Amino acid sequence: MDMIKVCDLAFEYIRRDEDGNVESINRAIDGVNLDVKEGDFIAILGANGSGKSTLLRCATLLERMNSGQLIYLDKKAAYTDDSGKAVYAPQEILKQVRGYFGLVFQSFNLFPHFSVIKNVTDALVIVQKKSK
């Protein structure tokens, strides 16, 4: 079973003028596919501006993709409808999917008075109500 499956993901940055008119469209990601199976260790490599961070932000539901499909442990988080636009699952499904992964950002924003283990586990205990 795939832990994460990304199919034909596309994402565009749309630049608008002060009146809201489209000035330019930059397709940052175009047709990316990715399958991550349990136990896989992957690396996403590419030049600056090639879409690595955007791919991760879309895959972790921090950005809304324009089209494609995101599946986590057989739960469909997003898919492309007949009009070619991304449609996201209901909030209860997305909440469950968000519980499948954790994120560590480039700027860690750790609590300096916490130990390493407390910084890592605090969200699990507080947000997900996991036992210590």
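The model is predicted: local features require a pLDDT of at least 70, side-chain atom pairs count only at pLDDT 80 or more, and totals for chains, interfaces and linings use all residues. Residues are numbered from 1 along each chain as its sequence is written, and side-chain values rest on heavy atoms, with hydrogens and water left out.

Searching the whole structure gives eight salt bridges, where the term denotes a side-chain nitrogen of Lys or Arg within 4 Å of a carboxyl oxygen of Asp or Glu. One of them joins the side chains of K5 and D35, at 3.0 Å from N to O. Because K5 belongs to strand 1 (residues 2-16) and D35 to strand 2 (residues 22-37), this pair ties together parts that are 30 residues apart in sequence. Strands here are DSSP runs of E with at least two residues, numbered from the N terminus. Both partners also take part in a network of salt bridges that links D2, K5, D35 and K37.

R15 and E23 form a salt bridge whose closest N and O atoms are 3.3 Å apart; R15 is exposed at 56%, whereas E23 is partly exposed at 47%. In the salt bridge between R57 and E63, the closest N and O atoms lie 3.4 Å apart. R57 is partly exposed at 33%, and E63 is partly exposed at 22%.

How values were computed:
Helices (H or I, at least four residues) and strands (E, at least two) are DSSP runs, numbered from the N terminus. Buried means under 20% relative accessible area, exposed over 50%, partly exposed in between (1.4 Å probe, protein chains only).
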